[in-house]
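Subject: Structure for you to look at

Hello,

Here is the structure I promised to pass on. Please open it alongside this email; my notes follow below.

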Amino acid sequence: MLFAIEEINNSTDLLPGVTLGYKIFNTCGNVARSVGLTLALANGNEIVSVPSKASCTRPAHVQAIMGETSSSPTIAIATVIGPFYYPSFLRTIPSDYYQSRALAHLVKRFGWTWVGAIRTNNDYGNNGMATFTETAQRLGICLEYSVSFFRTDPSDKIREIIRTIKASTSKVIIAFLSHKEMDVLIHEFSYHNLSGYQWVGSESWIFDSQTAKMDIHHILNGAIGLSIPKAHVTGLREFILDVKSLNSSNNELFTEFWETLFNCKFRQSTSSANIQRECTGHEDLNGVQNSFTDMSLMPIFNNVYKGVYAVAHALHNIVSCNKILQHIRKSHFTTKEGDEVYFDENGDPAAKYEIINWQPKENGVVEFVTVGLYDISLAPEKKLNFQNKSLIWVPVSVCSEKCPPGTRKVLQKGRPVCCYDCIQCAEGEINSATCVRCLPEFWSNERRDACIKKEAVFLSYEEIMGALLTAASLFGTCMTASVILIFFKYRKTSIVRANNSELSFLLLFSLILCFLCSLTFIGKPSDWSCMLRHTAFGITFVLCISCLLGKTMVVLMAFRATGPGINVKKWFGHVQQRLCVLGFTLIQVIICIIWLTTSPPFPSQNFKEFKDKIILECALGSAVGYWAVIGYIGILAILCFIFAFLARKLPDNFNEAKLITFSMLIFCAVWITFIPAYVSSPGKFSVAVEIFAILASSFGLLICIFIPKCYIILLKPEKNTKKNMMGKKLQRSRDIRIN
């Protein structure tokens with residue numbers, strides 16, 4: 001404070017021509033003494049412990065009181081003086097309210113949900129722990145015990161605290177203590193070997209070098225807590241070590257300081273019982289290492305420094321006014337070190353803390369390592385920020401381990417909510433804590449680790465994949481219907497009549513059924529949809545391939561059977577082709593009837609595929625029946641491919657066998673790749689794979705066989721003649737005609 005006042009008095013910019021005076025009182029941290037001195041100061045009857053030699057030009061009137069670093073005496077001062085002069089008080093150090101909340105978030109960050117707590121039995125400890133407890137409960141942290149202690153308490157109270165700690169199961173202790181209480185407790189904790197605990201400390205002791213020196217048994221190694229951010233005030237160290245500036249400020253203050261620092265006396269009575277060495281005034285300060293020269297206290301000095309400057313800036317704005325509180329509240333300035341100073345509506349500065357970790361070195365000395373920062377002004381997810389540094393702490397402190405997937409919490413009777421047993425969820429339910437799709441109401445501490453119904457998943461029309469497959473199915477249906485209309489309109493032309501137009505129309509009709517049967521695979525599985533989807537698929541595809549097989553057999557036999565007396569029409573006429581298609585299809589119908597009567601497909605719930613979902617699917621019932629249907633389709637497809645391949649080079653300008661060969665090649669390729677894709681696809685994706693195979697093979701047949709014909713019908717009508725269809729090489733067989 002003296003350093004700041006001297007700077008201000010020597011400044012030509014701040015309060016020019018005005019000299020700040022001061023009075024310093026030592027309250028010894030005692031609330032009663034603080035209140036007594038404050039009342040005396042307000043009444044003008046203050047005890048002048050350090051008289052000033054400078055003469056004042058006007059009666060002394062106190063404009064501001066710089067309080068103590070601890071909360072209890074300062075709050076008492078503000079309460080007493082408020083009704084007379086000061087409606088409230090302002091801080092340059094963050095409120096302990098923010099520190100308490102920051103400590104709770106720090107504990108939560110490391111997963112410590114089962115902790116104990118010790119607090120100083122005064123406003124600092126009680127209010128701070130109350131805020132911590134409230135925040136901790138919201139974060140799902142439980143206190144196994146919370147005990148209070150004051151440095152004047154009897155030794156029995158300390159032994160009671162030690163028994164409580166030893167009987168507990170938590171491994172983390174929240175110590176919301178002043179350094180004075182911590183100094184008393186650390187001695188007893190060391191004596192009783194109270195080691196193996198993770199200490200989380202408040203700013204009062206976590207950065208205190210004297211506490212670290214007293215911890216000779218390293219009870220507090222690995223402690224972590226919050227500290228006021230490090231600061232540097234240019235010139236302050238030199239001022240402290242400058243004997244002349246201190247001596248010139250006040251002779252009595254200098255004498256007391258010097259005698260205490262070097263344990264000597266300037267003048268002492270010869271009758272004194274304890275004779276000390278005489279002070280010369282020229283002792284070397286640079287060689288002294290104690291609390292007076294400890295620059296680790298610079299953050300505290302800096303807050304006093306900023307407080308003095310806040311008062312000075314307010315006085316600078318209203319030199320003629322006696323009430324300066326509202327002007328101090330509006331103060332907003334930057335110190336020479338770049339620190340921004342201002343107060344919010346509560347009179348508090350922006351809360352910012354460094355996270356300190358006690359890390360022992362090889363020589364046994366504890367180093368205060370800054371491992372992170374807590375800044376209340378940042379977004380919630382960025383307030384607590386850790387640096388990439390190693391930490392020392394006890395890894396786990398929980399009352400009960402987290403419930404595994406498939407189980408739920410059951411609270412233990414008479415114990416906090418952090419203590420519970422885990423019991424199995426019912427079938428079809430899941431632990432809400434492991435549920436990635438749970439609604440926000442399950443995110444609260446009260447409803448976490450409860451059993452909830454798993455999400456039922458199936459391929460629906462509403463989702464993108466289902467909608468796209470539905471659109472593709474309907475598009476294929478409309479496309480096939482358009483081809484039917486074209487063929488019907490030009491049914492008397494040569495290209496439509498070639499190779500049995502009746503089979504062509506039947507083939508187009510079966511393709512429409514193939515496109516539409518894919519829709520039965522979409523939607524929530526039911527008894528009828530499970531049976532319909534596989535049987536409809538099997539029968540319609542056999543009908544389609546039977547038509548193609550009839551076409552290729554006719555073409556092949558017509559051109560192969562050219563010997564005398566062979567009547568192809570007798571053996572491969574319209575009736576025989578119809579019977580061929582009917583026979584092949586009837587076999588598939590019989591297979592499906594046997595399947596449905598013995599072990600039909602049925603809707604089932606798959607709990608094993610995903611942990612948090614139920615897959616609604618159609619079980620095959622009889623795998624033999626399913627693969628019999630697929631296998632029969634495969635046999636017919638292979639036969640059709642072989643016949644079409646043999647007939648591909650027959651002398652026809654428009655040989656349909658070439659088109660059938662290419663279409664069956666695509667058909668077989670699709671269904672061969674379908675098998676491994678179907679087996680390896682999970683849940684609803686296996687259904688999507690089957691639908692894709694149905695649509696791909698159907699489009700392959702439609703495009704490869706009928707689009708070239710439509711192209712000639714619509715765009716090349718000059719080629720749609722019998723002469724062009726037969727070609728010159730067909731003169732020898734033009735008597736063979738099958739329509």
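Tryptophan 528 is exposed, because its relative accessible area is 58% and the cut-off for exposed is over 50%. Tryptophan 528 sits in helix α18. Proline 601 is 73 residues away from Trp528 in sequence, yet their C-alpha atoms are 9.1 Å apart in space. Please keep in mind that this is a predicted model.

Phe645 counts as partly exposed, because its relative accessible area of 37% falls between the 20% and 50% limits. Phe645 also belongs to a nonpolar surface patch, together with Ile638, Ile642 and Leu646. The accessible area of these four residues together is about 350 Å².

The largest nonpolar core has 62 residues. Phe537, Phe667, Trp671 and Phe706 touch the most other members. The most comes from α23, which gives 15 residues.

Which residues does tryptophan 671 touch, leaving out those up to four places away in sequence? They are Phe537, Phe541, Ala693, Ile694 and Ser697.

There is also a second, separate core, with 38 residues. Leu2, Leu236, Phe262 and Met298 are among them.

Helix α4 covers residues 96–109, 14 residues in all. From first C-alpha to last, α4 reaches 20 Å, close to the 20 Å expected at 1.5 Å a residue. Its buried residues are Asp96, Tyr98, Gln99, Ser100, Ala102, Leu103, Ala104, Leu106 and Val107. Glycine 111 follows α4 and has a positive phi, near 75°.

Finally, the chain as a whole. The protein chain has 24 helices and 17 strands. Of its 739 residues, 47% count as buried. Take the contacts between residues at least 6 apart in sequence: 69% of them join residues at least 24 apart. The accessible surface of the chain comes to about 38200 Å². Carbon and sulfur atoms account for 58% of that surface.

Best wishes

Key:
Residues numbered from 1 in each chain as written. Predicted model: local features only at pLDDT ≥ 70, side-chain atom pairs only at ≥ 80, totals over all residues. Heavy atoms only, no water. Helix = DSSP H or I, 4+ residues; strand = E, 2+ residues; numbered from the N terminus. Expected span 1.5 Å × (residues − 1). Buried < 20%, exposed > 50% of the residue type's maximum accessible area, 1.4 Å probe, protein only. Patch = residues over 30% accessible without salt bridge, like charges linked within 9 Å, V, L, I, M, F, W, Y side chains within 5 Å. Areas by Shrake-Rupley, 256 points an atom, 1.4 Å probe, with all protein chains shown as cover. Salt bridge = Lys/Arg side-chain N within 4 Å of Asp/Glu carboxyl O. Core = buried A, V, L, I, M, F, W, Y, C linked by side-chain atoms within 4.5 Å. Contact = heavy atoms within 4.5 Å.
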